[in-house]
Amino acid sequence: MKFPVLKNDRILRAARGDDVDRVPIWIMRQAGRYLPEFRELRSKHDFFTICQTPELAAEASLQPIRRFDLDACIIFSDILVIPQALGMTVEMRSGVGPVLPEPLIAPKDIDRLDNTASIVQKLCYVAEAISLTRNKLDGKVPLLGFSGAPWTLMGYMIEGGGSKTLSKAKAWLYQYPDASKHLLKILTNAVVDYLVMQACAGAQLLQVFESSAEHLGPELFKDYILPCIRDISFRVKAEIKARELDDIPMTIFAKGAHYALPDLAESGYDVIGLDWTIDPEEARRKVGSGITLQGNLDPCSLYAPEAELKKLTKEMLKKFGKSRYIANLGHGIYPDMKPDHVATLIDAVHEV
Ligand code: CP3
C-alpha cells in the first residue's frame, strides 16, 4: 500500500536507537474522554460502533493530533475486540467499563470460542480504520497499532470485566495449567495474526499491552506469560519480513512487571513501556543500553499545578536521557484530565 510521505519520524528513530533532534512524546489513551470533542462524538455513537466504523475511528484517532504537538497517533480501538472476534459478548457500560456477561468459567468453556482463521477477518474493520487514518494523517506523524497481550485478554475473559485481584483468572493458572496454556496459545495466535494484519494495513509501530502483568510474580510470568510475549514479537517480525514489508518497531508494555525487565529486554521488542513505579535509572540498569524505554510519568501528576508538572517532567527527562527514549505516561490518562495540563506536559518535553 502507498501512503503519504512521513514528515516526523522521531518516534520511529527513537524506537530503533537512532539520534533524534528532541525527545518524542505520545500519551497512552490520548484519544478519549478527557477531550470534549471525543465526548461529543461519543454522545452520538456507542463505543464499539466507533471502533467498528473506520470513519469514526479515524476521527477519534485524529482528534488529539489536531489539538496537540504529539509525535504519534494511535489507532482508536480497544484490546477487547479480540475476545469479541472469538465470539464473546463485550459491552462498554458507562461508569463501569467493559463487561463480558458470559465469562469463561471452566476449561470446557474454551470450546465456546471461535478458534478459526476467521478471527482476523472479523477484525478487518481495524485494518480499514488504520489505512484510512494513515491517509488522513498525511504523513504528519506515524500511526501506532496495538493489541492486548494474551494474559490481559485471558483476565478479562475469565473475570468478565475489570478486577482488583484477577483471582479467578489466576486460579486457572494454578488449577488448570494445561487449559490455561491452551487458552493463552489461542490468544497468542490471534494476537500474531491481528498485529500482522495491522502492519499490512499501514501501522508503523505496534504496541502490545500486557496491562495485567502486575498481578503476577516472577514465576507465573516466566512460566505462562513470557513465552507468549516472545512468541508474538518473533512471529510478527518474521511474518512481516516474509511479506517483504519494512521492519516495524514493537513495544511491550507489561504494567507492573519490573521483576521481568531483564527478560523483557531479550524478548524481541525494540521498546519497553514502563509504569511510574520504577525509577528510570533503575529500569535502564535492568535492561541495558540496547533497547528503547518509554514512559513513565505518573498519570496522576498531570493534576499538579503547571510549574510542578513541568518540574516533574524535566526531572523524568533528565533521568531517561535523550537517546533510546520515548516520553509517555506510565499508564493511560484519566478521563477528567484538563486538556491544558496535557499541553503543558507536551510543551515541557519539547522545551528540553
Ligand atoms: O490510547 C488510545 O488513545 C487508543 C485507544 C485505546 C482505548 N483502549 C480506548 C478506550 C487503547 C490503546 C485501549 C487499550 C485498553 N483497553 C487497555 C490496555 C491499556 C490499559 O489501559 O491498560 C485495556 C486494559 C482496555 C480495556 C478497557 N477499555 C478498559 C479497562 C476500559 C474502561 C476504562 C475507563 O477508563 O473507563 C475501556 C474503555 C475505553 N477504551 C475507553 C476508551 C476511550 C472509554 C470508554 C468510553 O468512551 O466509554
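**View 1. Arg29 lies in the loop between helix H1 (10-16) and helix H2 (36-44).** This is a predicted model. Arg29 is not a glycine, yet its phi is positive, at about 65°.

**View 2. Asp138 sits in the loop between helix H7 (124-137) and S4.** Here is another residue that is not a glycine but has a positive phi, about 55° for Asp138. Asp138 counts as exposed because it has 12 C-beta neighbours inside 10 Å.

**View 3. Strand S5 is mostly covered.** How many of its six residues are buried? The count for S5 is six of six. Both faces of S5 are covered. Leu205, Gln207 and Phe209 are buried on one side. Leu206, Val208 and Glu210 are buried on the other. Strand S4 (residues 143-148) pairs with S5 in the parallel sense over five bridges. In this pairing, Leu144 stands opposite Leu205. S5 and S6 run parallel as well, joined by five bridges. Gln207 has Thr251 in S6 as its bridge partner.

**View 4. Strand S7 (residues 271-273) and strand S8 (residues 292-297) pair in the parallel sense.** Three bridges link them. What is the bridge partner of Val271 in S8? That partner is Thr292. S8 is mostly covered, with six of its six residues buried. Asn296 lies in S8. The peptide bond that leads from Gly295 to Asn296 is cis, with omega near -10°.

**View 5. Helix H13 (residues 280-287) has a buried side and an exposed face.** Its buried residues are Pro280, Arg284 and Val287. Why do they fall on the same side of H13? They cover an arc of only 75° around the axis, which puts them there together. As a rule, an α-helix has 3.6 residues a turn, so residues three or four places apart point the same way. What covers the buried residues of H13? The cover includes helix H12 (261-264), S7, S8 and helix H14 (306-320). The face turned away from the buried side carries two exposed residues, Glu281 and Arg285. Just after H13 comes Gly288, with a positive phi of about 80°.

**View 6. The ligand is surrounded by 25 residues.** Which residues are closest to the ligand? They are Ala31, Gly32, Gly97, Phe209 and Ser211. The shell around the ligand divides into 12 nonpolar, nine polar and four charged residues.

**View 7. Phe48 is found in helix H3 (residues 47-52).** Phe48 has 17 C-beta neighbours inside 10 Å and therefore counts as partly exposed. How far apart are Phe48 and Arg16? In sequence, 32 residues separate them. In space, the distance is 33 Å, C-alpha to C-alpha.

Conventions
Residues are numbered from 1 along each chain as its sequence is written. This is a predicted model: local features need pLDDT of at least 70, side-chain atom pairs count only at pLDDT 80 or more; totals for chains, interfaces and linings use all residues. Two strands pair if DSSP finds at least two bridges between them. Helices (H or I, at least four residues) and strands (E, at least two) are DSSP runs, numbered from the N terminus. A residue is near a molecule or strand if its C-beta atom, placed from the backbone, lies within 6 Å of it. Ala, Val, Leu, Ile, Met, Phe, Trp, Tyr, Cys and Pro count as nonpolar, Asp, Glu, Lys and Arg as charged, and the others, Gly among them, as polar. A residue is buried if 20 or more other C-beta atoms lie within 10 Å of its own, exposed if 12 or fewer, and partly exposed in between; C-beta atoms are placed from the backbone. The arc is that of the directions from the helix axis to the C-beta atoms. Two residues are in contact if their C-beta atoms, placed from the backbone, lie within 7 Å.
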